[in-house]
Amino acid sequence: REDLWVREGKILNPEKLFFDEKGSADIQLDCKDSIIAPGFIDVQINGGFGVDFSLATNDFKSGIDLVSQKILSHGVTSFCPTLVTSPPSVYHQVLPQISVRNGGAHGAGILGAHLEGPFISKEKKGAHPEHCLRTFEAGAFQDLLATYGSLDCVRIVTLAPEMKRSSEVIRELSKRGICVSLGHSVANLSQAEEAVQHGATFITHLFNAMLPFHHRDPGIVGLLTSDKIPAGRRVFYGMISDGIHTNPAALRIAHRAHPKGLVLVTDAIAGMGLAPGRHTLGQQVVEIDGLNTYIAGTKTLSGSVATMDTCVRHFQEATGCSVETALEAASLHPAQLLGIEHKKGTLNYDSDADFLMLNDDLYVQATYIAGKEVWRQDALGM
């Protein structure tokens, strides 16, 4: 219980080393009473540090490299770069430039893209530009393929399940191993349940951009306690635990109703890590004021500037849950959602050695990927 053994990028069962190989550690590291936890996985991040994943630029790769490098200090060891609703030309330009890759000293690993839109509801578009929204009316899955251009590196698609022909699209995406998330939607509970029966497994930022909970028809929120979820399946839900997007009481309600499904996401935008002022989110201009981010000139929230470690601390404080529970919401649960829990999200033997050292207040002290230190808080506390 006191030691974590690592070899060749994996967490090692030391029994084999002791008894079969009669070996011992080459390098020993005193962790000075730190908490060791699996690396965080962010499945919804729109950008950061001035980089917007929904903007087609010639140096898109250097932008994604910058973000993956900088989020190491937040404890994020792998992530899904997220694109908000955009014109097809943007998907066609950007998606070929996103490739799934392992993390390392160069930055957090990329698990594949999260495409949030454009097949979402006009009423609940949030910060998504209305003129880019689309439906499945004509060709269903073919329309989606034509819009995105390719699904090669796509890991998650957020769509509104009340749209006509969404069932066939959900089935086709699930068949290809792509996670379907319900969000930006006015779906009622039975539409949401039907989507889950066809393969949807995630809810995009619960409570945000969906119908509010109503006791006669709880809408998508009702999936948390639905008895119509197929046996052996779990519905996960993302929450932006930044103290702004969801009241702490709403966070507590969701967590108590369905603790095993809660996945912390930052939903961070280009302005994360930057000074207050005007920044972009896809086709829109947003204004940052403290931790609030609005579409310029409105009071519509548009993503967040919270970091993943901040979300973990806020979640633990708001719910009073155990430290383990807070850490699992940012590591184990997103790994289970993506079906990679045999490799990531735990400290089990044979998992990838992506782990963090944290102090008792859950501030990140050091980040490791594949057993190598990729970031450390320096002595000055920078």
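Modeller: Leu362 is buried because its relative accessible area is 2%, where buried means under 20%, exposed over 50% and partly exposed in between (1.4 Å probe, protein chains only). This is a predicted model: local features need pLDDT of at least 70, side-chain atom pairs count only at pLDDT 80 or more, and totals for chains, interfaces and linings use all residues. Residues are numbered from 1 along each chain as its sequence is written, and side-chain values use heavy atoms, with hydrogens and water left out.

Colleague: Which non-glycine residue has a positive phi of about 65°?

Modeller: Most residues other than glycine have a negative phi, and most peptide bonds are trans. Leu362 has a positive phi of about 65° although it is not a glycine. Leu362 lies in the loop between strand 18 and strand 19 (364–369); helices (H or I, at least four residues) and strands (E, at least two) are DSSP runs, numbered from the N terminus. Arg165 also has a positive phi, of about 70°, and sits in the loop between strand 10 (154–159) and helix 5 (166–175). Arg165 counts as partly exposed because its relative accessible area is 34%.

Colleague: Which residues does a cis peptide bond join?

Modeller: The bond joins Gly117 and Pro118, with omega about 5°. Pro118 belongs to the loop between strand 9 and helix 4 (141–148).

Colleague: Where does UniProt place the feature "binding site"?

Modeller: The unreviewed UniProt entry places it at Glu116, His184 and His205. UniProt positions are given in the numbering used here, feature names are shortened, and annotations may be inferred rather than shown by experiment. Although these residues are spread over 90 residues of sequence, they cluster in space, with a largest C-alpha distance of 10.9 Å.

Colleague: Is Glu116 buried or exposed?

Modeller: Glu116 counts as buried because its relative accessibility is 2%. Glu116 lies in strand 9 (residues 113–116). Leaving out residues up to four places away in sequence, Glu116 touches several residues, among them Gln44, His128, His184 and His205; contact means heavy atoms within 4.5 Å. The side chains of Glu116 and Gln44 are joined by a polar contact of 3.0 Å. A polar contact is a pair of N or O atoms within 3.5 Å; within protein, one must be able to donate a hydrogen and the other to accept it, and residues adjacent in sequence count only if both atoms are side-chain atoms.

Colleague: Where does His184 lie?

Modeller: His184 lies in the loop between strand 11 (179–182) and helix 6 (189–197). His184 is buried because its relative accessible area is 3%, and its side chain makes a polar contact of 3.4 Å with the side chain of His128.

Colleague: What is the volume of the largest cavity?

Modeller: Rolling a probe the size of a water molecule over the atoms shows where empty space is left. On a 1 Å grid over the protein atoms alone, a cavity is a set of points where a 1.4 Å probe fits but cannot get out, and a pocket is an open set with protein on both sides within 12 Å along at least five of seven lines; lining residues have an atom within 4 Å of a point. Grid points are joined across faces, edges and corners, and a volume is the space filled by probe spheres set on the points. The largest cavity has a volume of about 40 Å³, and the residues that line it include Gly39, Lys344 and Asp352. The largest pocket has a volume of about 1,700 Å³.
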